[in-house]
Amino acid sequence: MELNGILHIAGERKSRYEFAIELAKILKKEELVIPVSFSEINFKAKRPKDSSLNTEKAKNLKLELPSLKECLEKFVKVYYAYKELEKT
């Protein structure tokens with residue numbers, strides 16, 4: 001298989017809301033996530049409604065990627081470990 005061009009590697013497609021819910025569950029702060037419509041948000045810069053990456057080329061490689069939950073759990077663990085190091 002010949003690969004050329006840009007190759008985006010990302011996990012499953014999630015909306016910003018779904019992403020926030022997944023992170024809030026890990027942090028046990030689900031009550032902080034309030035669903036709003038995209039048009040209600042006053043962004044300082046223009047944002048596309050869908051900012052996901054086209055991962056079609058990567059799918060052809062049949063890569064096994066960790067789930068969003070696994071990645072967020074690892075991120076949170078590393079983040080808090082780093083914050084503890086900063087205290088010393």
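1. Glu73 and Lys69 form a salt bridge, their closest N and O atoms lying 3.9 Å apart. A salt bridge here is a side-chain nitrogen of Lys or Arg within 4 Å of a carboxyl oxygen of Asp or Glu. The two residues are four apart in helix H3 (residues 68–87), about one helical turn. Glu73 is partly exposed at 35% relative accessible area, and Lys69 is partly exposed at 43%. Buried means under 20% relative accessible area, exposed over 50%, and partly exposed in between (1.4 Å probe, protein chains only).

2. This is a predicted model: local features need pLDDT of at least 70 and side-chain atom pairs pLDDT 80 or more, while totals for chains, interfaces and linings use all residues. Residues are numbered from 1 along each chain as its sequence is written, and side-chain values use heavy atoms, with hydrogens and water left out.

3. Arg13 and Asp50 meet in a salt bridge at 2.3 Å, N to O. Arg13 lies in the segment before helix H1 (16–27) and Asp50 in the loop between H1 and helix H2 (56–59), so the pair ties together parts 37 residues apart in sequence. Arg13 is exposed, at 60%.

4. The protein has three helices and zero strands; these are DSSP runs, numbered from the N terminus (helices H or I, at least four residues; strands E, at least two).

5. Of the 88 residues in the protein, 11% are buried. The C-alpha atoms fill a box of roughly 50 × 40 × 20 Å along the principal axes.
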